[in-house]
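Subject: Structure handover

Hello,

Here is the structure for your files. My notes follow below it.

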Amino acid sequence: MSAYVLPAFIALNFLVGALRRVPIFDAFLEGAKGAIDLAKQIFPYLAAVLIAVTLFRESGLALRLASLLSPVFRLIGVPPELTELIVVRPMSGSGSLGLLSEVYRLYGADSYPARAASVIVGSSETVFYVAAVYGGGKVKKYRGAVAIALVATFAGTVISCLLCRLL
Amino acid sequence: MNIVFCLMVVLGLGAMLLSDPAGAVGAALSGAENAVTLSIKMIAVYALWLGVLGVMKRNGVSDLMTRLFRPLTRRLFKKESDKARALISQNLAANFLGIGSAATPLGIEAVAEMQGANPVAKDGTVLFLVLNACGVQFLPATIIALREQAGSASPADILLPTVIATLVTALIGVALCYLTRGIRRRQRP
């Protein structure tokens with residue numbers, strides 16, 4: 001489905017522009033010239049977040065935190081197999097996709113943990129990445145935005161597990 | 001962010017000093033290297049999508065998206081300028097369409113527009129950051145593809161629960177923003 005959405009979206013935009021006699025090449029350049037500056041602006045935030053996240057995972061702390069949390073998770077109906085995924089999800093997008101594939105491999109793509117994991121990853125975002133990149137340089141004090149997003153994401157995780165039991 | 005960053009680095013390095021001191025700096029560097037690779041990839045992604053966004057600004061599609069989301073943004077972002085609300089609408093539209101890479105530059109611009117030179121997040125910025133950090137992307141295309149590859153019999157059966165969970169998470173995020181306004185007022189910009 002979304003394989004069609006993106007190319008169709010771009011083509012449609014060009015077409016509408018052409019019909020309305022927009023100088024498309026110039027308009028495209030006008031936008032695209034900001035690409036390198038944007039990446040440059042984001043880079044230090046990205047580096048800081050990825051350094052912290054890599055250290056947290058490589059040191060085994062993420063795993064330890066996960067095993068510490070898994071009895072609590074079991075209590076609220078979250079499969080303990082998914083604790084590491086849930087801990088990593090707000091920190092790393094590629095990391096959580098890796099762990100998701102691991103869950104598919106270990107339990108089968110149609111098992112309950114696999115479905116719950118899919119919904120958890122699909123309904124959430126890489127919180128720290130979004131906060132760092134969107135805030136990029138402009139926001140120094142987040143006034144609880146990160147904490148609220150983490151709490152909401154966790155509530156969403158519990159709800160995802162429940163939904164996968166019901167639906 | 002300050003505390004989280006400091007805690008993760010200090011605890012991470014501390015744990016590695018005990019288990020694998022030789023690999024500690026290497027791990028930090030590999031994180032930074034990831035940032036370099038990702039940034040270079042992002043230049044390509046931004047070049048494409050900022051280009052398309054440039055076309056959308058001129059062909060009327062941006063205005064259309066702004067108008068479509070006006071009922072929502074007018075309520076949630078009452079105090080923001082029209083320009084900020086337009087950027088927020090386009091960011092949400094890009095998210096809904098599943099074009100995360102176009103949503104990012106729009107989101108950065110929206111935050112810059114709302115904040116001006118103010119370093120402390122305003123109420124509107126907090127709400128906007130929460131919405132984006134909770135994930136308002138409704139089509140889990142990557143995950144359905146991954147499941148298909150893993151041999152699932154019906155890879156798309158997670159679509160309905162994912163949409164519901166996404167919606168509920170966003171609602172909880174918005175509710176929390178409003179509920180904690182009183183507590184957060186002390187730090188008001």
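Start with B:Leu106, which is found in helix α5 of chain B. Helices here are DSSP runs of H or I with at least four residues, strands are runs of E with at least two, and both are numbered from the N terminus. B:Leu106 is buried, because 26 other C-beta atoms lie within 10 Å. Buried means 20 or more other C-beta atoms within 10 Å of a residue's own, exposed means 12 or fewer, and partly exposed is in between, with C-beta atoms placed from the backbone. Leaving out residues up to four places away in sequence, B:Leu106 touches B:Leu87, B:Gln90, B:Asn91 and B:Ala94. Contact means that the C-beta atoms, placed from the backbone, lie within 7 Å. B:Gln90 is 16 residues from B:Leu106 along the chain, and their C-alpha atoms are separated by 6.9 Å.

Before the rest, the ground rules. This is a predicted model, where local features need pLDDT of at least 70, side-chain atom pairs count only at pLDDT 80 or more, and totals for chains, interfaces and linings use all residues. Residues are numbered from 1 along each chain as its sequence is written, while chains are lettered from A and ligands numbered from 1 in the order in which they are written.

Chain B overall

Chain B has 9 helices and 0 strands. Its C-alpha trace spans about 55 × 50 × 35 Å along the principal axes. It has 189 residues, and 44% of them count as buried. Take the contacts in chain B between residues at least 6 apart in sequence: 56% join residues at least 24 apart.

α5(B) and α6(B)

These two helices pack at about 165°, with axes 10 Å apart. Axes are lines fitted to C-alpha atoms, for helices over the stretch in contact, and angles run from 0 to 180 degrees between N-to-C directions. α5(B) and α6(B) are therefore roughly antiparallel. The classes are: under 35 degrees roughly parallel, over 145 roughly antiparallel, 65 to 115 roughly perpendicular, and the rest oblique. The crossing of α5(B) and α6(B) is left-handed. That term applies if the near helix is turned anticlockwise from the far one by less than a right angle; clockwise is right-handed. From α5(B), B:Gly107, B:Ala110, B:Val111, B:Met114 and B:Gln115 meet B:Gly124, B:Thr125, B:Phe128 and B:Asn132 of α6(B). By class, this contact of α5(B) with α6(B) has 4 nonpolar, 5 polar and no charged residues. Nonpolar covers Ala, Val, Leu, Ile, Met, Phe, Trp, Tyr, Cys and Pro; charged covers Asp, Glu, Lys and Arg; the others, Gly among them, are polar.

Chain A

Chain A is divided into domain 1 (1–33) and domain 2 (35–166). The bounds come from an automatic or database domain assignment. The domain centres, taken over C-alpha atoms, are 33 Å apart.

Now helix α7(A). Of its 11 residues, 10 are buried, so α7(A) is largely enclosed by the rest of the structure. The buried residues of α7(A) pack against α5 (83–88), α6 (93–107) and α9 of chain A, together with α7 and α8 of chain B.

α7(A) spans residues 112–122 and α9(A) spans 145–166; their axes come within 9 Å and cross at roughly 135°. The pair is therefore oblique. The crossing of α7(A) and α9(A) is right-handed. α7(A) brings A:Tyr112, A:Arg115, A:Ala116, A:Val119 and A:Ile120 to this contact, and α9(A) brings A:Thr157, A:Ser160, A:Cys161, A:Leu163 and A:Cys164. These residues divide into 7 nonpolar, 2 polar and 1 charged.

Between the chains

The contact takes 81 residues from chain A and 82 from chain B. α2(B) gives the most to the chain B side, with 23 residues. That side of chain B divides into 53 nonpolar, 25 polar and 4 charged residues.

One helix pair bridges the two chains: α9(A) and α8(B) pack at about 150°, with axes 8 Å apart. α9(A) and α8(B) are therefore roughly antiparallel. Their crossing is right-handed. The contact includes A:Ile148, A:Ala152 and A:Ile159 of α9(A), and B:Ile164, B:Val168 and B:Leu176 of α8(B). By class, the contact of α9(A) with α8(B) has 15 nonpolar, 5 polar and no charged residues.

Regards

Methods
Two residues are in contact if their C-beta atoms, placed from the backbone, lie within 7 Å.
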